[in-house]
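Please study the structure shown below and then work through the exercises. Each task is followed by a solution in steps.

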Amino acid sequence: MPADLTPAVPALTIAGLRKSFGSNEVLKGIDLTVAPGEVIAIIGKSGSGKSTLLRCVNGLETFQHGTLEVDGQALAQDNAAAMRALRQRVGMIFQSFNLFPHLTVGKNIMLAPGLVRKLPADVLLERARRLLERVGLAEKFDAYPDQLSGGQQQRVAIARALAMEPMMLLCDEITSALDPELVGEVLAVVEALAKEGMTLLMVTHEMNFARKVSDRVIFMHQGRVHEQGPPERLFADPQTAELRQFLSSLQ
Amino acid sequence: MAVELDFAAVLSQWPLLLLGVAWTVGLTAISASLGVLLGIVCAWVASQGPRWLRPLVASYVELIRNTPFIVQLFFIFFGLPAAGVRLSPEWASVIAMVINLGAYSAEIVRAGIQATPKGHIEAAASLALSRMQSFIFVVLPPSLQRVWPALVSQIIIVMLGSAVCGQISTPELSFAGNLIQSRNFRAFESYIVITVLYLALSMGARLLLNRLGARVFPGAHRG
C-alpha cells in the first residue's frame, strides 16, 4: 500500500493522563492528539502542569494513569530499552540549555548519535557540521559551551537534539532563560523547523511567537486542557474566563 | 656543642635511596591509578548503583576512613596469613594503599557527582543515552574535573602515608632512610635527606598531577 494512502498515525496520542507528585495531582486527565507536522503551543500560568505534561511525553516524568502513544507506539515507562527507543524519536530542548560543559560544541552534538546510533566518525562529523550550519553556528564547532552566549547555546542544544533525527521536538520554555535580545535568534530556528514540517510541542511564554508559528494553541489551567484552538481564534476570542484573565494578565 | 654534618655518609648509600624513591613512586603510581578507579566504582554504586551493594560500599568507606592506615596495613600483612592469605610486603603495601585511597576517593568523587546539575542528566536521558553511558560520558568527566584538586591532595597524602610500609620491610624511601641511619648512625643527616626527597616527590607529584588534570580536562577553568 502506498504511503500516501495510509491513514496518518498521530504523532502523539494522550488519553486520560493523570500525574501526581505525592498527594498533589498536577495533571488531572489530559486528552490530546497531535498530527504529524503539527505545531502546538502550550500556554498557561506556572503550576498549570504544562512543563510536566511535556516531560511525560519523553518519560522524564512518570504518570500514574492514562496512556501515551508516540507514533502509534505505547509508552512503556518501566522498560528502559523501550524508553531509550522512544527518546531516539522525541527530542527535547530545555530552558537551561543543558549543554555538556566538558565537551566542545561539535562533541555535544556527536555524543548521542555516536553512542546510541553507533554512527561512524565521518558521518557524525558531517552531520554535526551540517546541523551547526543550519543553526548559524558553523564556526563554533570547537568552542566550549561557556564561550557562547545563551542564544548560541540554545541553538547548539537544538542542533544536538536534531542530530538524533527525531520525529518530534519538545521545547520546554526554551527562551525563558535568555536575554530579550537573544530570543529572536532561537525562535527563528524553531520557526524554520516548523516550516520544514517538524512536529513541535512547545511550552512557551512568547505569545506573539505562538500566534505566528503554531497550528494550535493549548491553554492549560489547573492540570487540565482548559481551552484549545487555532491561535487566531484563541487569542482573539477566548471562550473561558480563565483564558481571558490569563491573556489580560500578560498585557 | 657544634653539630658536624656528614652528608657524604648518607649520600654514598645512593643506590638504596634510589631504590627507595623508585618504590615510593611505584607504589604511589599503582595505588593512585587503581585507588581512584576503585573510588569511582564505589562512588557510582553509592550514587546510582544497585541498592543492595550500597550498604556494603558505605561500610567499606566508613571502616577505612575511621581506622589508621598502619592498622589496615598490619591487618593485611600480619592478620590475613591466619586466614591463609600470605602476601609479600610489597603486595600487602600495594593492596593496603589501593584500599585506603579507594575509600577516600570514593567520598571525594561522590561529592563531585552530587554537584552535577540535574539538567545534564535529563539532557543525556532525553538523548537516549543509557544510564551507564550517561554516567561515563556526561556525569563523570565534569565531576572528576570539579574534585581533581582534592583528589591530587589525597593521592599525595597516600604517597606520604606509604612511609609506613617500611614497617613491614617494603623497601620504600623511609625504609631506606631507617636502614642507612642504622648502619652509619647518621640519623640527623639521613632524615634530612629523606625529608628533602619526600618534599621533592610531593611537589613533583602535585605539579605532574595538576598538569595531567589540565590536559585530561581541557578548560579546567570551566565550572
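This is a predicted model: local features need pLDDT of at least 70, side-chain atom pairs count only at pLDDT 80 or more; totals for chains, interfaces and linings use all residues.

Residues are numbered from 1 along each chain as its sequence is written, chains are lettered from A and ligands numbered from 1 in the order in which they are written, and side-chain values use heavy atoms, with hydrogens and water left out.

**Exercise 1.** State how many residues of chain B are in contact with chain A, and give the area buried between them.

*Solution.* 
- Step 1: Contact means heavy atoms within 4.5 Å. By this rule, 21 residues of chain B touch 25 residues of chain A.
- Step 2: Buried area is the accessible area (1.4 Å probe) that two parts lose on being put together, summed over both. Here it is about 2,000 Å², and carbon and sulfur atoms give 66% of this area.

**Exercise 2.** Identify the residues that form the salt bridge between chain B and chain A.

*Solution.* 
- Step 1: A salt bridge requires a side-chain nitrogen of Lys or Arg within 4 Å of a carboxyl oxygen of Asp or Glu. The count between chain B and chain A is one.
- Step 2: The partners are R55(A) and E122(B), whose closest N and O atoms are 2.6 Å apart.

**Exercise 3.** Determine which helix gives the most residues to the side of chain B that touches chain A.

*Solution.* 
- Step 1: Helices are DSSP runs (H or I, at least four residues), numbered from the N terminus. On this side of chain B, α6 (118–126) and α7 (131–161) each supply at least two residues.
- Step 2: The largest share comes from α6(B), with eight residues.

**Exercise 4.** Describe the aromatic pair of W148(B) and F217(B), and decide whether its members are buried or exposed.

*Solution.* 
- Step 1: Rings of Phe, Tyr and Trp (its six-membered ring) pair if their centres lie within 6.5 Å; planes under 30 degrees apart count as stacked, over 60 as edge-to-face and the rest as tilted. The structure holds four such pairs over all chains.
- Step 2: W148(B) and F217(B) are edge-to-face, at 5.6 Å centre to centre and 70 degrees between the planes.
- Step 3: W148(B) lies in helix α7 of chain B and F217(B) in the segment after α9 (187–216), so the pair ties together parts 69 residues apart in sequence.
- Step 4: Buried means under 20% relative accessible area, exposed over 50%, and partly exposed in between (1.4 Å probe, protein chains only). Both W148(B) and F217(B) are buried.
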